[in-house]
Amino acid sequence: MSFWRLWRAWLLHSFSQLLLLPLLSLSPKQAEAHPQCLDYKPPFQPQEPLVFCKEYAKFGCCDLDRDSQISQQFYQIMDYFDHSGYMACGKYIRSIMCQECSPYAAHLYDAEDANTPMRELPGLCRGYCNDFWHQCRYSLSLLTNDNITSIIEEDREKFCDYLELKDTEYCYPNVLSSDELNANLGNVQADTKGCVQLCLQEIANGLRNPVAMIHADDGTHRFFVAEQLGYVWVYLPNGSRVDRPFLNLTKAVLTSPWAGDERGFLCIALHPKFSVVKKAYVYYSVSVKKQEIIRISEFTLSDSDMNMLDHSSERTLLEVVEPASNHNGGQLLFGLDGYLYIFIGDGGRAGDPFGQFGNSQNKSTLLGKVLRIDVDNNDNSVPYTIPSDNPFVGDKDARPEVYAYGVRNMWRCSIDRGDPITGKGRGRMFCGDVGQNKFEEVDLIEKGGNYGWRAKEGFSCYDNKLCLNSSLDDILPIFAYPHKLGKSVTGGYIYRGCEMPNLNGLYIFGDFMSGRLMSLKENPDSGKWDYTEICMGKDKTCRFPKLINSYYKYIISFGEDEAGELYFLATGVPSAAARRGVVYKIVDPSRRAPPGKCSNKPAPVQIKGKLIHFYPKEEFVINKKPTTTAAPKIKATTKPILIATQAKARPTRKLPTVKPPVNPTQKPKPNPLTPKPRKAIPKLQIPTPKPTFRPVTTNPATLRRQQTLAVTVRPPLGPTTTVRLGYLTTLRGKSSQTPAPSHTTRPPTTPRRATTPNMVHPSTKMPHIPSNIHPDWAPSVTTPRPVYWTPAFKPTSKTQQPNYTIPKSEQKPQEATEGKSDHLEDNPRKRGRGKGRKRGKGGRRRSRTGQVRLVSADNRSDRGRVEIFIKGEWGTVCDDLFNLKAAAVVCRQLGFPTVIRVAKRAELGPGSNDVSIFLDDVECEGTERTLLHCKRSKLGKHNCSHEEDVGVVCGYEESAVE
């Protein structure tokens, strides 16, 4: 990075920002496709092929487990039908249920926006809905808990007003045939000019010129961010920062508040066996007797704090005198061979004017070189040794540390992890080398290689005399770009992470001056690298939880986390004194990895001091004005009336812009309006109509209703068939008053799943043909409404509620588990008959062992951190294995019939340090009386911190009618 170049950019900051707005923000209009699942995340390719919803086996929103659940629910519903009913309605019901697996599930369910209610059933196209109404309208009550079905079944217009999605492109089944929505589905999206559309997630902010980001590779998934001023900070996987620095060299580091000063703390590298060796290496500028020096030092980890280096342990490995204040280089990294690589600039000024050929071509100096040294086993000897295979060992005219030469000012290098499956590319070393006047370049570093400076700049000659020297034998860059695209390259990484499979093998880098993000992809046939620019996705493209589509323009560095996910560090003001630095995670919104594939459980980190929680400053795209179609509103009165709402027009979007500078003194504030992603709630019970008669019991396998009144229809699952009205079988219940008729075989399409034992079964009462059916439709009606099919009225609310029903707990208390040290807590004391509960001081009821409460900052009773009362005190519960069934136990104890969602990672607030952690690895069936009766770890035994405290949001399935 050239000082004068940066200074000129700073003086013209406002003007240059205006010029760069089209570069970073604007892109030609692209398709409005936005694949999204019900968990508000991108679709994926299942790890195992789906068996039931096969049409979404290659790309969609269901894995094999969810596919199996849908299949089981389908066959439970089809138990209400005889053979002809199965043939006529099976295809409709299957298609509707499988839309949860569609890559456009969020659109079909109106779930693009976490702030709006989600539809209980996917939105259908009008024509398809009409067909569904003609054939199987009485089956709607089997698919939904909404009482409105009993009112709209006989009215086709109201029926389809309820089910229709007004957007004709996204409604089912049109969404399957739209060329615009299905073109390149699942691939990285690009605009008409080929610019790749990616999004970002803000990870850290308030940094002063963040120059490096590294990880320890020790299982903790911590990452470390270095500031040019001389601080290194520790961040935990949840985004919080340890309040005490990992390293503080601010008193020794030479830098200034000048915009564009290249001196300072420039890099840090941890030993590849850091968990054992516990050493760190740093690269920074110092002033010794008014002479500027580059210092490479070694530090040892503190014995008392795993998040701090021992500042008294510094040992200087190498010092290099700098002739000028620029071109300091500044990269340290360990190769796969275990050696430490050091990248040093050519000494500064313009054109490497030192000596006859310049420093870079002079192998007797360390300036303008890539060095390789061995720092192992040096505790009681020299600071480092020379690897025996270094290319110039034994050359009297060369320094033995030199590994490669002819570099100008390499800024940010990385090691390729290799393809996760084949390992191809593993160990390659990529570097960005800042150019002089015309070109910036990206190089692959090879042992003994000459990279041409000052003879060449990029692919072109800089010093014509040296350039024509036949002995130059230089290695050309894999890519070079002119200064009209950018004037200071920042080297990046080959993406090898797990979460975004589309980006595998893509080298992503940037430019400090222009703020341009770029990528290279190796052509396997030619070996050449193809260039593609990266643009920020439009609002619709990046409309996912926590994602943004703008960033600060000065791209300083790139980094990887322990899992291989990719980040870049940028600032709004290139000064070591300005807190404008932000760490961004690069996100591909077009495809994610299958659920569970990339999961990891970080090893515990012992914290001394306090944690500073992270609050993003940038507005999430999902918080901007919603673009979803409004769900139909149902007004609850003494006589329910269907109100069909008109579709809301999808407003136009403002394009993303470069993030403007903010007040450096502004304190990060939490954004209470930011919704947390709402997970799709699995249907644990099949909704069944409430009969007005006393049900009878028969064998589910042998019960089928007597057939009457044959008519001819065209069943969706087969050829034209003669079926009889009334194939929808009757409810089965608990009695034995009626003998079972003969069995009717149901033709299965996939192997039948076991039905739920608690399912209410049909009985054998006769249905009737409703008298109010329009005569024009009478011949094609195949699901007449039975006389008993009169559901008990349930009041409905203005917003659709989640369809998770808490199972009733068993009346017989479970016996205590023997052999556990916490058996007293497993057996809450029984109350004496007629004595009531004992009261404490002041007449307040005493808390009972196993009692739970929800603790929240705003004192809301329906949501908060879960705390449980044991041994006279309250304690928290870890979120490991805690799911909706465990949440059902909590909500039922508190008097709530419905679970809305589970909040993990202390989303609803962590417990204080003086609060104990009682339970971990809680697994419930949903019927237990307390969490103590669930499968769990031993009381007080856990492997978590308060940053993993679980929370629960409860609710009411039904709203009272006033």
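## The model and its disulfides

The structure is a predicted model, and a search through the whole of it finds 14 disulfides. Among them are the links Cys37 to Cys61, Cys89 to Cys136 and Cys924 to Cys934, which are taken up in turn below.

## Cys37 and Cys61

The sulfur atoms of Cys37 and Cys61 lie 2.0 Å apart, and the two residues form a disulfide. The torsion about their S-S bond is about -85°, so this disulfide is left-handed. Cys37 and Cys61 each lie in the loop between α2 (13-25) and α3 (64-78), so the pair ties together parts that are 24 residues apart in sequence.

Are these two cysteines buried or exposed? Cys37 has a relative accessibility of 2% and therefore counts as buried, while Cys61, with a relative accessible area of 13%, is buried as well. The reasoning rests on a cut-off, because buried means under 20% relative accessible area.

## Cys89 and Cys136

In the disulfide formed by Cys89 and Cys136, the sulfur atoms are 1.8 Å apart, and with -105° about the S-S bond the link is left-handed. Here the partners sit in helices: Cys89 lies in helix α4 (residues 83-98) and Cys136 in helix α6 (residues 126-136), so the pair ties together parts that are 47 residues apart in sequence.

Cys89 has a relative accessibility of 0% and so counts as buried, and Cys136, also at 0% relative accessibility, counts as buried too.

## Cys924 and Cys934

A disulfide joins Cys924 to Cys934, with 2.1 Å from S to S, and its 105° about the S-S bond makes the link right-handed. Both partners lie in the loop between β38 (916-919) and β39 (951-955), so the pair ties together parts that are 10 residues apart in sequence. Both Cys924 and Cys934 are buried.

Definitions and conventions. Residues numbered from 1 in each chain as written. Predicted model: local features only at pLDDT ≥ 70, side-chain atom pairs only at ≥ 80, totals over all residues. Heavy atoms only, no water. Disulfide = S-S within 2.5 Å. Helix = DSSP H or I, 4+ residues; strand = E, 2+ residues; numbered from the N terminus. Buried < 20%, exposed > 50% of the residue type's maximum accessible area, 1.4 Å probe, protein only.
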